[in-house]
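Have a look at the model, then read on.

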Amino acid sequence: MADLKKKIVVADDEPFILSALQDTLSDSYSVTTASNGAEAIRLAQRVMPDLIILDVMMPEMDGLDACKNLKRDKLTSTIPVILLTAKGQITDIEKGFKSGADAYVVKPFSPARLIEKVEEIFEKVEMRKKIMEDKKK
Amino acid sequence: MAEEISQAPASIDSSKLFNIRVWEGIQYKFAKDLGIAIKVMSEDGKINTVESNFSDFYNILTSTEEGKKLCEINHENIDREARFITLYADCVYYCATTYFYGKKFNIFVGVKERVPNELLVKELSEKAGVDYSELLAAYKSQTVFSDERLINIADLIVDLFNIVIELSVQEYITHMANKEKEEEIAKMSALMDASIIINSTRNLDLLLKIIMQSAEKVMQAEASSVFLIDSERNELFFEVATGPKEAEVKKIRLKMGEGIAGWVAYTGESLLVSDVSKDPRFARRVDEQTQFITRSVICVPLKVRNQTIGVVQVLNKIGGGSFSKTEIKFLEALASQAAIAIENANLYEHLEERAEQLNKDLKNANLNLSIEKLRIESIVQSMEDAVLAVNREKKIVMVNRIAERIFSIDGGRAEGRPLEDVVKIADLRDNFTTVLAVKNITKTEVKFTMGNKEHIFAAVFAPIIDEKNEAAGSVAVFRDITEIKELDKMKSEFLNMVSHELRTPLTPIQAYSELMMVRNVDNEKVKKYADIINRETQRLGALIGDLLDLSRIDAGKGLSLALEPVDMNELMQTVYETFKNASARHKIILTLPEKSEIILVDKNKIIQVMTNLLSNALKYSPEGGEITIKTWFDDKMFYGSVKDQGLGIAEEDLGRIFDKFYRVESEKVKKIGGTGIGLPIVKYILELHNGNIRVISEFNKGSEFVFNIPKVKP
């Protein structure tokens, strides 16, 4: 059963935020955590998650750089990325999308809204998969 | 000229003027060539010529008193213009009388009778009492002429005499005319001299004296003086007096109308008085006072623009005699020169005063100007902004100390050097040119490297507009806005960070509270969630507290301490409990002294200090590691230390980490949230407790913050 759950990698340097993300998502998804961008990349390469949620402001490597790296890497480039940040200014959001992120969630977040967003992304992925399969047929 | 001659003065003494030498030549010629004796006698006896041929006889005849009488009787009988021949003692006499300029001349022309009348000679010799034979011999030596011929010759001789005397007079008149001309020339030159003097000297006294001396010389006067009118007292006073009594004269003042000078001053008319003793206007007082004897006077008014300001007078013609009316004209001309001199002198005096005042004003203005220039220069020099001005040719005209620094001008003055020599940035140079052309201000920002640091300058370019409203050059002012820019950047970063820092604890609070509401969570989870919410709320509260403290400090209100006795070990234990599980990666170690002490502190504020220091220690050691809290006491102080194994602080940042909003500019730190207000508040709180804080740090190895608080016992 556990194997059927979609895998999500979440990264945040704030332990309580990390635990809040875990507690929000772990009922429906298999969640692994990282405390900075570099760690998140390593984790993603290892577990090949269905989604990566990255905090923007993190030590070592921030979310933007991690997102860019993930999108550049063929192995991880198709994994959707949600940027989660307390930086809510338009320029920050722009920067987020430029880095290749698929969605942007501003802190503080509502767990229900985050789950909606996550499901929305998975639906899109599913749809894309279907289209690709239809094309193949 | 002929008219002038005919107008020759009646006073001409023709006998005096008679050119006797010419006449004697004529007489000699007649006697020698024709044997005619001629004798001319003027009635005043001044002319008495006699030819030798005739004189023998005549002399013999007049050698006795009787003979002289005989001759004289005959002379007296000669009437005006009458001519007659008299036979006397067998002689033929031709006698004629002629008049010239009112003077009578008798002319005798005589020859020997054709037939000597010895009887007559004898009778004559007897009558005159002279020797007969001698007289006869003289008589016989005379040439014989017919009466008719003699009359013709005599007429010719009279005509000749008239011609000679006429020529003599004419010659005199010509001479006199020349003399008059010379005098005229002398007067003219005196006038010219006067005008030259007037133009060459400004010493009025000397000037008038020179003018008057020249008047005296030309007019041959004994003395002269200039009076000026004292209009306030209605009196005349001597401005200048020449002549022997100068000093005495100068003391005298005349009433208006008193004396001849007073009269002339009053009437404004020139006056010539030939004999002052006969003139009732003459004031004897002056002569008495000066012991000068005035005989004759010419006095003329001194007029400036038709107003009499004084009089000029000359006294006594040297060698007696009187001044002439023409001399009045001369003196009037001289007086008008003197008036010009006086007016000029007054004008000069006025002008000099004015010039002196102007000169003074100018000097003051110059002084003020140079003071002003110095002031402006020193203001410009002491400005903290750089100033660089160029002229139209883009040569530097002014550069101050700061400008020299930012444009690295060394090696002598920059003034006069071309702009491109000094300003290497082409865009900047273009601004100087643009403002010159558009006559408008241009603003820009420019970066200069000073020392090793890049500085940002706000540059304002303005045209220098001259009095003709033309651009004479341009001036640029560069203000170092590096600090302002930094502050500005710090401010926006701060706001950004504050927002971030507030959202960070808010995120678990919102997440967990929502999870508790919407999900069926068990008690264990509720406790965990509530615990997190509580911690994060406290964190949020602490942050908001910091922000409020900061705004209070900023507003100058400061923070107030609520001092209470606090057991320091207990307090540290509480802080430790809060933080011990804050991070999975960190190990928090607490080292307390065995024996705790109770001192007076603001408990909450010290918790704030510890919270900030510990939060920083956690934040800036992202890799984790040990965080050691250590406290101890000595006699006077309580000491606290928070040490981490984190990023450490670079040496160049050590001095600024307690500055408000300051955050270390490194890639690593940037990725760590922070407001830059924690440490400044820590320092402030400790200083309120009369304590202190310092930092010991090694880059990439960790930092230790050590603080102390004086022990105040309750």
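The model is a predicted one. In it, α17(B) gives the largest share of the lining of the second largest pocket: nine residues.

Q: What makes a residue part of the lining of the second largest pocket?
A: A lining residue has an atom within 4 Å of a grid point of the pocket. For the second largest pocket, 39 residues pass that test, and Lys489(B), Glu493(B), Val664(B), Glu665(B) and Lys670(B) lie nearest its centre. Elements giving two or more residues include α3 and α4 of chain A as well as β15, α17, α21 and α22 of chain B. The space inside is about 1100 Å³.

Q: How are the residues of that lining divided by class?
A: They split into 19 charged, 13 nonpolar and seven polar. Lys489(B) and Glu493(B) are among those nearest the centre, and they count as charged because Lys and Glu belong to that class.

Q: What lines the largest cavity?
A: There are 22 lining residues, and Phe238(B), Val286(B), Thr294(B), Gln313(B) and Leu315(B) are the closest to its centre. β6(B) gives the most, with four residues. By class, you'll find 13 nonpolar, seven polar and two charged.

Q: How do you know that α1(A) and α18(B) meet?
A: Contact calls for heavy atoms within 4.5 Å. Phe16(A), Ser19(A) and Asp23(A) on one helix meet Lys528(B), Tyr529(B), Ile532(B), Arg535(B) and Glu536(B) on the other, so the two helices are in contact.

Q: What makes the area between chain B and chain A "buried"?
A: Buried area is accessible area lost on putting two parts together, so the value of about 2600 Å² is what the two chains lose, summed over both. Carbon and sulfur atoms give 55% of that area. On the chain B side, Thr507(B), Arg519(B) and Lys671(B) supply 23% of what that chain buries against chain A, more than any other three residues. As for contacts, 29 residues of chain B touch 30 residues of chain A.

How values were computed
Residues are numbered from 1 along each chain as its sequence is written. Chains are lettered from A and ligands numbered from 1 in the order in which they are written. This is a predicted model: local features need pLDDT of at least 70, side-chain atom pairs count only at pLDDT 80 or more; totals for chains, interfaces and linings use all residues. Side-chain values use heavy atoms; hydrogens and water are left out. On a 1 Å grid over the protein atoms alone, a cavity is a set of points where a 1.4 Å probe fits but cannot get out, and a pocket is an open set with protein on both sides within 12 Å along at least five of seven lines; lining residues have an atom within 4 Å of a point. Grid points are joined across faces, edges and corners, and a volume is the space filled by probe spheres set on the points. Buried area is the accessible area (1.4 Å probe) that two parts lose on being put together, summed over both.
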